[in-house]
There are 2 protein chains.
Amino acid sequence: MSAVHEERLARAALSQLTEPGTPRIRDLVADMGAVALYEELLQNRNPQGVLTDFALRLADNDPERELDRAARQGVRFIVPGDDEWPSQLDALEPVRGASNRGGLPLGLWVKGPLRLNELADAVAVVGSRSCTTYGIDVAGQMSAEVAKAGTCVISGAAFGIDQAAHRGALSAQGKTVAVLACGVDKFYPEAHANLLRYLAEHGAVVSEVPLGWSPMRSRFLARNRLIAGLGRGTVVVEAAARSGALSTANWTTQLNRPLMAVPGPVTSAPSEGAHQLIRNGEATLVTQSAEVLEMIKPSGEYLFDMPRGPEHRRDGLSSCEAQVLEAVPVARAVAVDSISRTAGIGLVEAGKALRKLAEEGLVVQSDHGWKLSRDARS
Amino acid sequence: MSAVHEERLARAALSQLTEPGTPRIRDLVADMGAVALYEELLQNRNPQGVLTDFALRLADNDPERELDRAARQGVRFIVPGDDEWPSQLDALEPVRGASNRGGLPLGLWVKGPLRLNELADAVAVVGSRSCTTYGIDVAGQMSAEVAKAGTCVISGAAFGIDQAAHRGALSAQGKTVAVLACGVDKFYPEAHANLLRYLAEHGAVVSEVPLGWSPMRSRFLARNRLIAGLGRGTVVVEAAARSGALSTANWTTQLNRPLMAVPGPVTSAPSEGAHQLIRNGEATLVTQSAEVLEMIKPSGEYLFDMPRGPEHRRDGLSSCEAQVLEAVPVARAVAVDSISRTAGIGLVEAGKALRKLAEEGLVVQSDHGWKLSRDARS
C-alpha cells in the first residue's frame, strides 16, 4: 500500500471515529501522525484515553470500504498534501494543547466539480437563518457580484443568508462552495435538497464529517471554522445576537483575516450582531461588493473609487466668488453695490468675482445689473 | 459706557459688518480685540483692507439701535465672557492665520428661555433634509431618549432629520436648541415657522448672524461649526454623500469630540454618508440612545450593558456534556451505548454526563434509556 493511500485511509478512519476538531485527536495527529495514531488504536492501545471514547465506533470502522462507497457516490476524500488540498485551510493549525475545538480537519469529503485548490480568493458570506428580505437581497446581490468577479462564495447552505449567498453566486454563473455540518450525502436542511444537488453538480459540497452523519450543534460550530478558513475574508450580512454567523466571524478574527459586516436598520434585530461587530472594531462596515473585493484581494489588485456626490460647477469657485454668487438674486437683476453689500465683499473684488462668474456661465449681466443665469438656477 | 457694554456693542456692530467666521476678522479680533477693531473702522482706517469690504454695510451700522430692536423682540446678544456664554464653544478658537472660515463667533443672538450655559452635556443630532421615514423615526426616538436623560439636543431646524431631532426632544419635554444660518427672527424654512416659534418659547433659537439676515450657503457652512461646537458629540442619522451634515461631522472631528453615525440599509442613499463615516473610522456606529449617552457623558458616568441574546440553559454545560446532549434523541429513548457511539464519548463519561443532564432537567431516563426532557425540546 502506498504511503499516500495509507495516510488517506488512516485519516478517513479517524474522521469516522472522532468528532470534528476534538483537541486530543488534533494534538495526537500533530504529534505522531495520523497513520501511527490509527495503528495504535487498531493495536488496542489507548493513547490519552481516546480508545475509550472510540471503542464502539471502532468496532464497525472500515475506511477502505467507506472510501469505495464514497467514490461510488462521486464523493472524494482529500487530505493535507493532496494537490486539491486548499492551502488557505493550513492557517487553522492551532496552538498545540489548546482546549477548544479547532485545528486542521483530518480531511474533507467533497462532492462536485469545483476543485478546492482553485478557490484562491474565496470569500465567506454568512448570516442568520431568520433574516429579512433586506438581508436576502443584499447577500444575493453581493454574492452575485463577487462571484462575477471570479471570487468563490463560501457558505453553509442553511436557510436565509447562506442560501441567498449560494443562489447569488450561482445566478452569476460563479463559483460557490457549501460547507456542511453533516455528511455531504445528507440534505440538510431537507428543504434545500435541490439547492444542495445543484451545488454538487456545479460547485462543491464539502464536509469534514463522513457520509451519513447527521448535523449536530458541535458539528456546526466546528464547521464554521472551515467556512472562515476557506475564505480570504468573511462578510456577515445579518446576524442576530448569538447567531451562528458570529461564530464564523470569531474564527475569521482568530485567523487574522478581514471580517466585514453589512449594516442594516438599527430597528432590525437581525442586524444587531453585525452592528455589534462594527462597533467593537472587529468588522469593517461594507455596503457593496467592490468594498468586499478590495479587502480580500491582495493589496492594490482591486481598488475602487469612494462614493461621491455629483460634481457641482460651483465646486471650483474661490470663497470670495462663492460668497458673491450667493448674493446674486435669482430673478430681478441688481447693481453691483447691492451685491457687494449683501456679500460683505468690497466693490472692486465683487466686480471681479461677478465677471469670473459670468465666464463660468453662472451669472448674467443686463442693463439693470446682475442676476443668476438659467443654468445656475437649476 | 461700561467696558462690558462697549465690548457687546463692538461685537454686535462687527457681527453686522462681516460674514460669520471670516478669517481676517477672526484674526484681527484675536489680535487687537473687538472694541479696538471697531474703533479703527469708525476712524475710517482700513486694517488688512477690511474697511474696503465693509464700507457699504458700515454706512448704516448702528449697534446700539440694533441691540434695542433685538431686546424688544425678546432677543439677547451674548458674547464671550457673559455668564450665559456656552464655554464648550471656546474650543472653536482656531489656529491663527488659518485661511478657512471658523473660529469663535463674535457673539450669539439668542431667543428663548433656555440659557446656553446650562447645556453642559448637549448632543448634536444632524442629518439630511431628504431623509427617509426610517431616519425620521430613529432621529426622533434617539433625541427623545437623550433629552429624557437630561441631555440637550442641538440641531439646525432644517427639514428632515433636524426637525425630527427637535420634535423628539420636545416630545420628551426635554431641552433643545436650534442653530440657524439666518437671523433668529426669520423663519427658515418657512414651513417650520411654527416649530421655530415653539422652540423660541420652550428651548432656544440661536444664530451668529444678525436679525433680518437671510440664510446663505456660506452661512450654513459657518453655522455647522456652532452645532458641532455646542454639542459634546454629534450623531449623524442619515446623510447622503455631500450632505451638509457631513460638514457638521467634519467640525466635530476637528474639535476632537465623539462623532457617531447611525447605520441604515446599504440600499438607502441617505445612509451612504453615515456608512462612509463609519468605514473611515471617523464615526462610531451607534444604534440606540444608550450608546450615544455613553459616549458623551464623562467617562464612567453612564454605562450600559452590551446587547446579548437570551441565556440558554445549555450555556453552562461542559463540551463533553453538550456533545452527549446532542446525541440524545428527541422522541424515542435509547440506551447509553447508542448515545456513547453517536456522541463519540466513552461509555463511562457518557453515563456521567447523562446523569448531570438529568439533574439539569435536560434529559429524562425511562426503562428504554434516555431521551430529551420536554423542556430541552422546547
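In what order do the nine strands of the open sheet in chain A stand? The legends below begin with the answer; the model shown is predicted.

**Figure 1. The open sheet of chain A.** In chain A, the nine strands follow the order β1-β2-β6-β5-β4-β3-β7-β8-β9, and their pairing is mixed. The edges are taken by β1 (75-78) and β9 of chain A; each has a single partner strand, so one side of each is left without a neighbour in the sheet. Inside this order, strand β5 (residues 176-179) of chain A runs parallel to strand β6 (residues 204-207) of chain A, and three bridges join them. Within that pair, Val177(A) is placed opposite Ala204(A) of β6(A).

**Figure 2. The open sheet of chain B and its edge strands.** Chain B also has an open sheet of nine strands with mixed pairing, in the order β1-β2-β6-β5-β4-β3-β7-β8-β9. Its edge strands, β1 (75-78) and β9 (284-285) of chain B, each pair on one side only. Strand β8 (residues 259-261) of chain B and β9(B) run parallel and are joined by two bridges. Opposite Leu285(B) in β9(B) stands Ala261(B). Helix α11 (residues 272-279) of chain B lies across β7 (234-236), β8 and β9 of chain B, and runs at about 130 degrees to β8(B).

**Figure 3. Strand β6 of chain B and its two partners.** Strand β2 (residues 108-111) of chain B runs antiparallel to β6(B), with three bridges between them. Here Trp109(B) stands opposite Ser207(B) of β6(B). Strand β5 (residues 176-179) of chain B pairs with β6(B) in the parallel sense, again over three bridges. In this pairing, Val179(B) is found opposite Val206(B) of β6(B). Are the residues on the two faces of strand β6 (residues 204-207) of chain B buried or exposed? Both faces are covered: Ala204(B) and Val206(B) on one side, and Val205(B) and Ser207(B) on the other, are all buried.

**Figure 4. The packing of helices α1 and α3 in chain B.** Helix α1 (residues 3-17) of chain B packs against helix α3 (residues 34-42) of chain B at an angle of about 60 degrees, and their axes are 8 Å apart. This angle makes α1(B) oblique to α3(B). The crossing of α1(B) past α3(B) is left-handed. From α1(B), the residues Glu6(B), Glu7(B), Ala10(B), Arg11(B), Ala13(B) and Leu14(B) meet Ala34(B), Val35(B), Leu37(B) and Tyr38(B) of α3(B). The contact of α1(B) with α3(B) comprises seven nonpolar and three charged residues, and no polar ones.

**Figure 5. The packing of helices α6 and α7 in chain B.** Helix α6 (residues 133-148) of chain B and helix α7 (residues 161-171) of chain B cross at roughly 35 degrees, and their axes come within 7 Å. The crossing of α6(B) past α7(B) is right-handed. Among the residues that make the contact are Gly135(B), Ile136(B) and Ala139(B) of α6(B), together with Ile161(B), Ala164(B) and Ala165(B) of α7(B). By class, the contact of α6(B) with α7(B) holds nine nonpolar residues, six polar and one charged.

**Figure 6. The contact between chains A and B.** In this view, 41 residues of chain A are in contact with 42 residues of chain B. Several elements of chain A each supply at least two residues of the side that touches chain B, including α4 (50-59), α6 (133-148), α9 (217-230) and β9 (284-285). The residues on this side of chain A are 16 nonpolar, 14 polar and eleven charged.

**Figure 7. Leu89 in a loop of chain A.** Leu89(A) lies in the loop between β1 and β2 (108-111) of chain A. Leu89(A) counts as partly exposed because 19 C-beta neighbours are inside 10 Å, whereas a buried residue would need 20 or more. Apart from its neighbours within four places in sequence, Leu89(A) is in contact with Leu104(A), Gly229(A) and Leu230(A).

**Figure 8. Backbone features in loops.** A cis peptide bond joins Tyr188(A) to Pro189(A), with omega about -5 degrees. Pro189(A) is placed in the loop between β5 and α8 (193-202) of chain A. Gln48(B), although not a glycine, has a positive phi of about 50 degrees, and is located in the loop between α3 and α4 (50-59) of chain B. Asn256(B), also not a glycine, has a positive phi of about 60 degrees. Asn256(B) belongs to the loop between α10 (244-254) and β8 of chain B, and is exposed, with 8 other C-beta atoms within 10 Å.

Notes:
Residues are numbered from 1 along each chain as its sequence is written. Chains are lettered from A and ligands numbered from 1 in the order in which they are written. This is a predicted model: local features need pLDDT of at least 70, side-chain atom pairs count only at pLDDT 80 or more; totals for chains, interfaces and linings use all residues. Axes are lines fitted to C-alpha atoms, for helices over the stretch in contact, and angles run from 0 to 180 degrees between N-to-C directions. Helices (H or I, at least four residues) and strands (E, at least two) are DSSP runs, numbered from the N terminus. Angles under 35 degrees count as roughly parallel, over 145 as roughly antiparallel, 65 to 115 as roughly perpendicular and the rest as oblique. A crossing is left-handed if the near helix is turned anticlockwise from the far one by less than a right angle, and right-handed if clockwise. Two residues are in contact if their C-beta atoms, placed from the backbone, lie within 7 Å. Ala, Val, Leu, Ile, Met, Phe, Trp, Tyr, Cys and Pro count as nonpolar, Asp, Glu, Lys and Arg as charged, and the others, Gly among them, as polar. A residue is buried if 20 or more other C-beta atoms lie within 10 Å of its own, exposed if 12 or fewer, and partly exposed in between; C-beta atoms are placed from the backbone. Two strands pair if DSSP finds at least two bridges between them.
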